[in-house]
Amino acid sequence: MQITKPRAILLAVSILLLGTFILTRRGAGAASSAQDDDELAAARASVASVDAYVASCKAAKEKYGYSLDGDVSAVRPWLAIGGRPDATLMAWRDGDRRITHVVNALERDEEPAVAEAYGDNILKLNLKDDGDDRRFAALLPEVVAFVRRARAADPNAVVYVHCKSGVNRAPSLAMALLISLDRATFVEALAAVRAARPSCRPKYVQAVAVYEDRALG
């Protein structure tokens with residue numbers, strides 16, 4: 001994860017914001033197990049400073065690289081993240097649940113088989129892999145509304161949020177969804193996506209931190 005000087009400044013601002021949020025806010029979903037506590041502790045430690053966050057992302061890249069690109073990672077019963085899917089997405093199951101809707105963060109269309117299978121249940125975002133914070137923030141209300149509609153129409157709906165490899169854009173969007181729909185804090189959301197997909201290293205942390213402040217007050 002290469003950090004340019006402007007990007008480092010943005011990360012520094014976001015980490016300072018997060019430090020304040022972590023100290024002052026209680027999450028809606030309290031930890032219920034030792035594993036939950038460990039995941040939250042790791043997430044808190046990773047946002048203690050810019051260096052700590054960058055180090056956590058580098059560690060994830062070194063350990064996992066892009067080895068999970070083809071995996072569908074379930075974050076919640078209604079939410080999964082991953083890389084650009086192929087026809088095998090239609091066969092994925094989590095118990096009796098299947099993927100019903102797709103959020104495509106890429107600047108390219110779905111593969112033909114996926115486009116044909118999901119049709120109008122695909123939301124395409126055309127989001128750059130990095131440095132597109134303003135557009136990322138502007139898209140969040142549309143993404144949240146899309147997921148709300150999916151879940152309202154089908155209580156068993158599962159929304160698959162993907163980018164190219166499922167390490168940045170998809171987990172960043174998933175964090176925002178958890179904040180909005182589960183009332184999770186930033187740290188809880190980060191812990192959840194990293195537990196589900198340990199290869200992830202979200203770059204849109206500043207935009208997600210600002211969104212948390214607006215969504216949770």
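Is D182 buried, exposed or partly exposed? I looked it up: D182 has a relative accessible area of 28%, so this residue is partly exposed.

**Ground rules.** I noted that this is a predicted model, in which local features need pLDDT of at least 70 and side-chain atom pairs count only at pLDDT 80 or more, while totals for chains, interfaces and linings use all residues. Residues are numbered from 1 along each chain as its sequence is written, and side-chain values use heavy atoms, with hydrogens and water left out.

**Salt bridges.** I took a salt bridge to be a side-chain nitrogen of Lys or Arg within 4 Å of a carboxyl oxygen of Asp or Glu. The structure has 6 salt bridges. One of them joins R76 and D182, with 2.9 Å between the closest N and O atoms. R76 belongs to strand β1 (residues 72-76) and D182 to the loop between α6 (169-181) and α7, so this pair ties together parts 106 residues apart in sequence. Helices (H or I, at least four residues) and strands (E, at least two) are DSSP runs, numbered from the N terminus. I found R76 partly exposed, at a relative accessible area of 28%.

**The network at D129.** Next I looked at D129, which is linked with R169 and K203 in a network of salt bridges. In the bridge between D129 and R169, the closest N and O atoms are 3.5 Å apart. D129 lies in the loop between β4 (122-124) and α5, and R169 in helix α6, so the pair connects parts that are 40 residues apart in sequence. For K203 and D129 the closest N and O atoms are 3.4 Å apart. K203 sits in the loop between α7 and α8 and D129 in the loop between β4 and α5, so here the parts tied together are 74 residues apart in sequence. I then checked accessibility: D129 is partly exposed at 34%, R169 is buried at 6%, and K203 is buried at 18%.

**Aromatic rings.** Which rings form a stacked pair? By my rule, rings of Phe, Tyr and Trp (its six-membered ring) pair if their centres lie within 6.5 Å; planes under 30 degrees apart count as stacked, over 60 as edge-to-face and the rest as tilted. I counted 1 aromatic pair. F136 and Y204 are stacked, at 4.7 Å centre to centre and 5° between the planes. F136 is in helix α5 (residues 133-153) and Y204 in the loop between α7 (186-196) and α8 (205-216), so the pair ties together parts 68 residues apart in sequence. F136 is buried, with a relative accessible area of 1%, and Y204 is buried too, at 0%.

**Charges over rings.** I counted a charge as sitting over a ring if NZ of Lys or CZ of Arg is within 6 Å of the ring centre and within 35 degrees of the ring normal. The charged end of R151 is over the ring of W78, 4.3 Å from its centre. R201 lies over the face of Y66, 4.9 Å from the ring centre.

**Cysteines.** How many disulfides are there? With a disulfide taken as a pair of cysteine sulfur atoms within 2.5 Å, I got 0 disulfides. C57 is in no disulfide, and the nearest cysteine sulfur, in C200, is 8.0 Å away. C57 is buried, at 0% relative accessibility. For C163 the closest cysteine sulfur is also in C200, at 9.8 Å, too far for a bond. C163 counts as buried, at 2% relative accessibility.

Key:
Buried < 20%, exposed > 50% of the residue type's maximum accessible area, 1.4 Å probe, protein only.
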